[in-house]
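Biologist: I would like to learn how to read a model like this one. Please take me through it feature by feature.

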Amino acid sequence: CDLILYFECTELVEDHSSHAILVPGVTVAIGLDKTTKLGAVFDRYIDFCNEHSNSGSRIGAGQLEFVHCSLLDPSDTAEASALMKNDRIKVQRIRKVERESAAEQVRRQTESDRY
């Protein structure tokens with residue numbers, strides 16, 4: 001494999017607070033080629049988490065997002081995302097609503113500053 005990426009959960013994930021892997025401080029290393037789609041790597045991480053679940057509850061791909069400087073796109077490759085050997089990927093719950101709310105707040109502030 002060309003690269004090894006380290007995945008670390010940055011927060012407790014709702015409904016999985018007693019999970020063995022999805023807790024802050026636990027790091028999972030995954031090797032991949034530069035041309036591997038990140039979605040396949042994310043799926044492998046989720047499979048690994050589900051294999052090591054001590055509660056029996058499964059985590060789904062729609063519950064987590066992966067961040068390295070910015071939100072990573074599953075359809076990109078490691079090379080397209082400018083990922084380097086030994087980079088750390090932050091795993092967190094989906095924050096789409098919070099991002100949209102923050103963007104709307106910035107838009108409103110920018111609009112109000114014009115007047």
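Biologist: Among contacts in the protein chain between residues at least 6 apart in sequence, what percentage join residues at least 24 apart?

Modeller: A contact means heavy atoms within 4.5 Å. Among contacts between residues at least 6 apart in sequence, 66% join residues at least 24 apart. Before going on, note that this is a predicted model, where local features need pLDDT of at least 70, side-chain atom pairs count only at pLDDT 80 or more, and totals for chains, interfaces and linings use all residues. Residues are numbered from 1 along each chain as its sequence is written, and side-chain values use heavy atoms, with hydrogens and water left out.

Biologist: In what order do the strands of the open sheet lie?

Modeller: Two strands pair if DSSP finds at least two bridges between them. The order in this open sheet of five strands is β2-β1-β5-β3-β4, and the pairing is mixed. Because β2 and β4 (70-71) each have a single partner strand, they stand at the edges, and one side of each has no neighbour in the sheet. Further in, β3 and β5 run antiparallel and are joined by four bridges; E65 has Q92 in β5 as its bridge partner.

Biologist: Which strands does α1 touch where it packs on the sheet?

Modeller: Axes are lines fitted to C-alpha atoms, for helices over the stretch in contact, and angles run from 0 to 180 degrees between N-to-C directions. Helix α1 touches β1, β2, β3 and β5, and its direction makes about 140 degrees with that of β2.

Biologist: Which residues of the largest nonpolar core touch the most other members?

Modeller: In soluble globular proteins, nonpolar side chains tend to be buried together. A nonpolar core is a set of buried Ala, Val, Leu, Ile, Met, Phe, Trp, Tyr and Cys residues joined through side-chain atoms within 4.5 Å. Buried means under 20% relative accessible area, exposed over 50%, and partly exposed in between (1.4 Å probe, protein chains only). The largest core has 24 residues, and F7, L22, Y45, I59, L64, F66 and I89 touch the most other members. At least two core residues come from each of β1 (3-9), β2 (27-32), α1 (38-51), β3 (64-68) and β5 (88-93). The largest share, six residues, is supplied by α1.

Biologist: How far apart are the ring centres of F7 and Y45?

Modeller: A pair of aromatic rings is described by the distance of the centres and the angle of the planes. Rings of Phe, Tyr and Trp (its six-membered ring) pair if their centres lie within 6.5 Å; planes under 30 degrees apart count as stacked, over 60 as edge-to-face and the rest as tilted. The structure holds five such pairs. In F7 and Y45 the centres are 5.3 Å apart and the planes at 25 degrees, so this pair is stacked. F7 is in strand β1 and Y45 in helix α1, so the pair ties together parts 38 residues apart in sequence. F7 is buried at 0% relative accessible area, and Y45 is buried at 0%. For F42 and F66 the centres are 4.0 Å apart and the planes at 5 degrees, so that pair is also stacked. Ring pairs link F7, F42, Y45 and F66 into a cluster.
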